[in-house]
Amino acid sequence: MTRGFRIAFRVAIIAAAAISAILMASIILWMIGADVSDTFYTIVFEPLTKMLHISEVLIRAIPLCIIALGISVAYRSGIINIGAEGQMAMGLLAFTGVALAFPDLPRPLLLPVALIASMIGGGIWGFIPGILKAKLNVSELLSTVMLNYIAAQFYSLCLRTIYLDPAEQVYGTGTPQSMRLTENVWLGRITGRLHYGIFIAIVLAVLIFLLMWKTSIGFKMRASGSGARAARYGGISVGFYLAASMAISGAFAGLAGGVELAGVHRRAIEGITNNYGFSGVVVALFGGLHPFGIVPASFLFGLLIYGSTLAPSKVGVPANIVQVMQGIIIIVIVTAQMVLSNAYFQDRVWRKYQALRKKEG
Amino acid sequence: MNDRAGLCALLFIFHAMDNKIRSLRMEHITKRFPGVLASDDISISVSEGEVLALVGENGAGKTTLMNILMGLYQPDEGRIIINDEPVRFRGPEDAFRAGLGMVHQQYMLVPNMTVTENVALGCKNAWSPFRLDMKAVRDHVVEASEHYGLKVNPDAYIWQLSVGEQQKVELVKTLCLGARFLILDEPTSALTPQEVDELIVLLHRMTEELSIIFISHKLQEVKALSNKVTILRHGRVVFSGNTDDYSSQEIAAKMTGHEIVLPKNTGKASAGDEALSMKDLVVLSDRKTPALNGLSLGIRSGEIVGLAGVSGNGQRELAEAINGLRHVESGSISFFGKEISNYTPRKVIEEGMGYIPEERNTEGIVPAFSIKENIVLKDAAEKAFSSGVFLRQKKIDEVAQRLVERFDVRCPGISTAAGSLSGGNIQKVILAREIERHPRFLVAVYPTRGLDMGAVEFIHSELLKIRESGIGILLISEELDEIMDLSDRIAVIYKGRIQSVLDRNEATRERLGILMAGVGEE
């Protein structure tokens, strides 16, 4: 097989995937009577035209990236964490709690302490399903989803009770939210709403790469994940690394919550988790469970999420329809990836191509 | 018996005899996989009542060829001709319909279903949209098993059956599905010598009505059973002829392309200290029934003790208990005088135990990991391979490269995924890792199962080298030849106890076979 053929094969598959995704999405848009080309422009290109838009894309990519990194650690260690939503909520609670309790501490102390608290909050929430799986073989799909519910309700409860803004009580408006947090826990902003959390995400990506691929701890985690039986045979305590990876994964989701609070919202309100915990699973898988894939993948998903918020106002397409289109696009891309990794299919095409050339020649 | 069902069963057998496959030919079959030519212009032919032995080393393309015949793969070139008419099988269903039936090397039976239920799974004509005629299927099973002399209990659960009995179930199942032509993939690989003899008699009787292709690399069976033999090497037919015209040695030489003489243990009995000794060991199986029931055995440094027995008599549990992978209920395991029962796997490894596990593909290696990663599987956190928490990649590469060369692991490079290697090469990687760790003792479980002669020769000579260097080996195997070639002493295990321990020169195939079957000698 020549190098030229390999490249042509890849390009052809990617083009075919792109065309079929666009076609399917177009049919849906056409059916609801929307302007097809305008909608595509608004979703895919418009967000990249202005710095303001780009910064909005990035602030959505930051939590996605941090959460997906954590999920990749758990996934590589053999446990599927779909509880990031709840872990993030626990991180938000811990962060808010520290910020409300010590409003007078200086920033260099309070901000790191609050971020660490958010990691501990999420970490504990991740550790629970991890240890349950390691010791009692409880399915993590069950435990993480249930813990999501508990965390969501607990978060909601706290916003209405102990964290409730005293001003709300005075005026009686009763919006469930905390008071504005002290400036000492704010993350600075670069431009627009884009905050320094972006550097935290990038540094974490590098750290996760080093942890998983350059250290013996990562080696043992990956061994536990891709061959639990062989890992046990090799003297690796699979249960320990399972629970540890879930604690790390939860800590990352919690931290994503802390960073989001410190950088964007600066007060605890409802809806901060914004389904990032679930999108994070898709980002992690889409990024090939590797930090260097997760960073661009989280940008792409930030783009899609932001694009869907633009569509209703710009072209009158409901955000729900945009989500349907996103679903289609993701499934097509994943399918194309599988086709590309099928060496046997490529080999067959190569032989057909050769046979064709022989006939002509 | 329900008359209607009985009639059905009879009809089926008459029907089967009616539609005989008088001849089957595969002509110029070529099949490519990425980077490999699995079948290269292969032609074979079988006539009525004939038995063709398909012989060759691992990776020679025997199973691929049979999978093509069964419609599991499509050939890239060539055709299949039955009774002088070309046929095309798009899937196994087409092949079943044409009357072909295959018994795979790994039995395709659902353990927690009965024999009848397993047969019913494939018995399409017993199904109607809302009803499954279990009684008819059961009658069918009884009929077929009586007709062919295959004794099976239709109501037994598969998990209750021995490997030999499961094989009979596979045969009955295949026949019930209407097979008039049998393909058997290494049918004897998991059987005791007695079961093998029984199977050969059975198959002989079946050839009155059926034709058979069987895959094997055991030459005694080829000689005992087949009329014709076709030898494959690297996807090509290198020889075809009548079995009776050639000796086993001639066939072996044609199979490997050169003479193979398996090494033998001729050393003197060791006078070393006792390295590993088990006393009154009781260990439970996965089903929580006793797998080892008061087992006692001692092995000295510098000797090989072969543990012979039909698989499922506690061998796996013994190896796992020694290596800390299975809980010891009572009794002791003493390793150089130190009690190690219920140690963690890590601590057993640190005591200097080497272990070649039974499941080389899932336990011996992490298949998705590269060769080099698998070589440091047990030692990634040791000083030799990491400083602080960081892995010393250069050092790992160096060691892996050296071992791959020393053990002649055929691979594109040390970063190749270990799971993509052939069985023999995977076993070499495992052996390399265990030997490089300089163990004080080695437990080797089925070290050559399913490997070809070339790989067997290599692994046997390595095991003998380890013995020479004064290390004791517990060799667990079902292959009597392997045990008799390598062992200083031979212990026979039956139902979780040691039946008897014989010296090498006292042991004969017959004597071991009787002990393995559970018959005492007194």
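Chain B of this predicted model is divided into domain 1 (3-253), domain 2 (260-352 + 439-522) and domain 3 (365-435), with domain bounds taken from an automatic or database domain assignment. The centres of domain 1 and domain 3 of chain B, taken over C-alpha atoms, are separated by 39 Å. For chain A, the assignment gives domain 1 (1-34 + 317-361) and domain 2 (58-212 + 241-310). Between the centres of these two domains of chain A, again over C-alpha atoms, lie 35 Å. Residues are numbered from 1 along each chain as its sequence is written, and chains are lettered from A in the order in which they are written. In this predicted model, local features need pLDDT of at least 70 and side-chain atom pairs count only at pLDDT 80 or more, whereas totals for chains, interfaces and linings use all residues.

Contacts were assigned to residues whose C-beta atoms, placed from the backbone, lie within 7 Å. On this basis, 5 residues of domain 1 of chain A are in contact with 5 residues of domain 2 of chain A. The domain 1 side comprises 3 nonpolar, 2 polar and no charged residues; Ala, Val, Leu, Ile, Met, Phe, Trp, Tyr, Cys and Pro count as nonpolar, Asp, Glu, Lys and Arg as charged, and the others, Gly among them, as polar.

Between the chains, 19 residues of chain A are in contact with 24 residues of chain B. On the chain A side, the elements giving two or more residues are α9 (216-226), α10 (228-233) and α15 (343-360), helices being DSSP runs (H or I, at least four residues) numbered from the N terminus. The most is given by α9(A), with 6 residues. By class, this side of chain A has 8 nonpolar, 6 polar and 5 charged residues.

The largest nonpolar core has 171 residues, of which A:Cys65, A:Ile66, A:Ile67, A:Leu69, B:Val443 and B:Leu475 touch the most other members. Such a core is a set of buried Ala, Val, Leu, Ile, Met, Phe, Trp, Tyr and Cys residues joined through C-beta atoms within 7 Å, where buried denotes 20 or more other C-beta atoms within 10 Å of a residue's own. Helix α11 (residues 238-265) of chain A gives the most to this core, with 16 residues. Beyond its neighbours within four places in sequence, A:Ile67 is in contact with residues including A:Met88, A:Phe252 and A:Tyr276. A second, separate core of 63 residues includes B:Leu24, B:Val51, B:Leu175 and B:Phe181.

How values were computed. Two residues are in contact if their C-beta atoms, placed from the backbone, lie within 7 Å. A residue is buried if 20 or more other C-beta atoms lie within 10 Å of its own, exposed if 12 or fewer, and partly exposed in between; C-beta atoms are placed from the backbone.
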